[in-house]
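Colleague: I would like to learn how to read a fold from its coordinates. Could you take me through one case?

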Amino acid sequence: MVSDPHSVGFVEPVLHSFEEAITLDCGRVLPRYDLMVETYGKLNADKSNAVLVCHALNASHHVAGHYAGQEKSSGWWDNLVGPGKPLDTNRFFVIGVNNLGSCFGSTGPSSINPETGKPFGASFPIVTVNDWVQTQARLADRLGIQKFAAVIGGSLGGMQALQWSLSFPDRVGHCMVVASTPKLSAQNIAFNEVARQAIVTDPDFHGGDYYAYGVVPKRGLRLARMIGHITYLSGDDMAEKFGRTLQGDNYKYDLGGDFQVESYLQYQGDKFADYFDANTYVLITKALDYFDP
């Protein structure tokens, strides 16, 4: 049982189904789609206290709280959302939305394509940051929220917050962009492409239709995540965090990994490959590349 007075406690996501077609920036049309959503706190009478929290590449709608019966299920921003926390749920109605194309309940590559009865796989349309903002705006309309008190996000979530301020400036009271950028550099795009190639060249990828084969391109996904983590820290940060510190007392003179930085990357890669969808990773990194307001 969650007894922390500053926790939102146990939470349950809600699936919102939209039967209205949406035309994406790529020109493709989705006739219908689902968005997985969590909310924390209460919406006030004039619906002016809503805060939208946009997630980064590997996160989801689960921003805060815990799932009953699941250990280590804290939301990814649980330290910031709750009674008495910076996003005080005694004051604000906080919303987390899993982006279209992701793999945590919203319609994405692993969802069933109603036209074929099979998962979309690589046939799922390319989505953009603007597409996500448009779907989030439709969700706000459904909830009766005309203007957010704030839209907040870090990294890819920060791109969404920025896009909100451009697409719907009259519907955003405050825009908080954390550790993000208005566009990727050529080097950022290059790293993303190397990561995607690690996935699509994995023999278990099967052109994105690996669901039918009962396999997961874990080797490619693991390597992609390791590449990504290198880009999340600067050279100076990497040196300060790890330096040349060894795992043991001496070199092992094998290929298992002697240094703590190697162990860190291997751990992050292994963990990520166990829960994230490879098609989604390819899709979302393309959204990162395309963003340039």
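This is a predicted model: local features need pLDDT of at least 70, side-chain atom pairs count only at pLDDT 80 or more; totals for chains, interfaces and linings use all residues.

Colleague: In what order do the six strands of the open sheet run?

Modeller: Strands of a sheet pair through backbone hydrogen bonds, either parallel or antiparallel. Strands (E, at least two residues) and helices (H or I, at least four) are DSSP runs, numbered from the N terminus. Two strands pair if DSSP finds at least two bridges between them. Here the order is β1-β4-β8-β5-β11-β12, with mixed pairing. β1 (14-18) and β12 (175-178) are the edge strands, each pairing on one side only.

Colleague: How many bridges join β4 to β8?

Modeller: Four, between residues 33-40 and residues 93-97, and the two strands run antiparallel. Glu38 stands opposite Gly96 in β8.

Colleague: Which strands does helix α1 lie across?

Modeller: Contact means heavy atoms within 4.5 Å. Axes are lines fitted to C-alpha atoms, for helices over the stretch in contact; angles run from 0 to 180 degrees between N-to-C directions. Helix α1 (residues 129-143) lies across β1, β4, β5 (50-54) and β8, at about 105° to β1. Helix α2 (residues 156-167) lies across β5, β11 (150-154) and β12, at about 150° to β11.

Colleague: How many aromatic pairs are there?

Modeller: A pair of aromatic rings is described by the distance of the centres and the angle of the planes. Rings of Phe, Tyr and Trp (its six-membered ring) pair if their centres lie within 6.5 Å; planes under 30 degrees apart are stacked, over 60 edge-to-face, the rest tilted. The count is 17. Phe120 and Phe124 are edge-to-face, because their planes stand at 90°, with centres 5.2 Å apart.

Colleague: Is Thr107 buried or exposed?

Modeller: Buried means under 20% relative accessible area, exposed over 50%, partly exposed in between (1.4 Å probe, protein chains only). Thr107 has 8% relative accessibility, so Thr107 is buried. Thr107 is in the loop between β8 and β9 (112-113).

Terms used. Residues are numbered from 1 along each chain as its sequence is written. Side-chain values use heavy atoms; hydrogens and water are left out.
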